[in-house]
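Please take a look at the sequence and the 3D structure shown here. We will walk through the fold together, one part at a time.

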Amino acid sequence: MNIVICDDCESDAMAAKEVIKRTAQELHIKTEFDIYSNATEVERKLLVKKEPADILILDIDMPKISGLELAERLRVENQNLIMIFLSAHEEFVFKAIEFQPFRYIRKIRLEIEMPIAIQAAVNVLEISSDKQIILYTENGEKAIMISEIMYLEAEKHKTFVYLKNGNSILSSKSIAEMQELINKKSFIMIHRSCIVNTDYVKNMQNCMLILKNDEQLLVSRRKFSEVKQQILNIWGELL
């Protein structure tokens with residue numbers, strides 16, 4: 001995650017960084033930080049240079065350009081940027097709501113509220129993220145989006161990749177290699193030869209997963225309780 005922190009108080013910025021860094025380590029997520037002391041520098045980075053950022057931690061009460069003024073400008077260009085407001089003043093909270101903040105954190109409760117906010121932001125980023133992967137097949141390279149994959153099924157040392165459009169691709173990678181390539185929590189192993197994308201799971205009945213296209217996948221009896229709990233955990237994070 002690329003995280004931008006903007007706070008004219010250096011000690012407050014560093015305190016926020018340390019809490020976020022510690023939380024990210026607990027979640028096994030790598031982080032990169034850009035720390036700025038004024039809104040003008042952030043505006044140059046995000047609006048002029050259009051450099052990427054996943055999360056913006058923004059102090060509200062700053063000289064020259066306030067955090068609220070910066071948020072207003074950023075929202076025009078980027079509706080999806082996760083903005084977390086920091087403030088020592090609770091009276092700004094109602095004004096801040098106009099700019100669709102992800103969270104409003106009081107500085108005196110940084111240690112309590114920031115980890116919760118970062119965990120929630122990570123969940124949102126993971127859900128919304130999608131990327132293209134290249135599969136090597138007997139007929140050459142195939143580019144697909146991870147979000148298009150319904151499930152994977154091992155075929156000796158290769159893997160069938162089943163897509164939501166009804167097509168399938170036989171990849172030269174093993175199912176373990178495919179799982180590592182995809183690297184998303186929503187893909188879970190339901191038995192040693194099958195990994196399913198829980199985004200396409202509609203229901204569970206006995207030892208069967210019912211997909212949204214009504215296809216049924218058998219779940220290992222030994223793994224059934226574990227698979228059920230994993231799915232419930234993932235669904236819970238979406239609520």
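Predicted model: local features only at pLDDT ≥ 70, side-chain atom pairs only at ≥ 80, totals over all residues.

Residues are numbered from 1 along each chain as its sequence is written, and side-chain values use heavy atoms, with hydrogens and water left out.

Let us start with the overall picture. The C-alpha trace of the protein chain spans about 65 × 40 × 30 Å along its principal axes. Its secondary structure comes to 7 helices and 15 strands; helices (H or I, at least four residues) and strands (E, at least two) are DSSP runs, numbered from the N terminus. Of the 239 residues in the protein chain, 41% are buried, where buried means under 20% relative accessible area, exposed over 50%, and partly exposed in between (1.4 Å probe, protein chains only).

In soluble globular proteins, nonpolar side chains tend to be buried together. Here the largest nonpolar core has 22 residues, and V42, L56, L58, L70, L74 and F85 have the most contacts inside it. Such a core is a set of buried Ala, Val, Leu, Ile, Met, Phe, Trp, Tyr and Cys residues joined through side-chain atoms within 4.5 Å. At least two residues of this core come from each of β1 (2-6), α2 (39-48), β3 (55-59), α3 (67-77) and β4 (82-87). Another core, of 21 residues, lies apart from it and includes I5, I20, F33 and L86.

Now find helix α1 (residues 10-26), which has 17 residues. Its buried residues are A13, A16, V19, I20, T23 and A24. Seen down the axis of α1, they fall within an arc of 135°, so they line one face of the helix; the arc is that of the directions from the helix axis to the C-beta atoms. The face turned away from that buried side carries the exposed residues E10, Q25 and E26. After α1 comes H28, with a positive phi near 60°.

Next, turn to an open sheet of 5 strands, with the order β10-β9-β8-β12-β11 and antiparallel pairing. Two strands pair if DSSP finds at least two bridges between them. β10 and β11 stand at the edges with a single partner strand each, so one side of each is left without a neighbour in the sheet. Between β8 and β12 there are 3 bridges, and L152 has I195 in β12 as its bridge partner.

Helix α6 lies across β8, β9, β10, β11 and β12. Its buried residues are I175, M178 and I182. They fall within an arc of 55° seen down the axis of α6, so they line one face of the helix. N183 follows α6 and has a positive phi, near 50°.

Finally, look in the loop between α6 and β11 for S186. Is S186 buried or exposed? S186 is buried, with a relative accessible area of 9%. Leaving aside neighbours within four places in sequence, S186 is in contact with V196, N197, T198, D199 and I234.

Note on methods
Expected span 1.5 Å × (residues − 1). Contact = heavy atoms within 4.5 Å. Axes fitted to C-alpha atoms, helices over the stretch in contact; angles between N-to-C directions.
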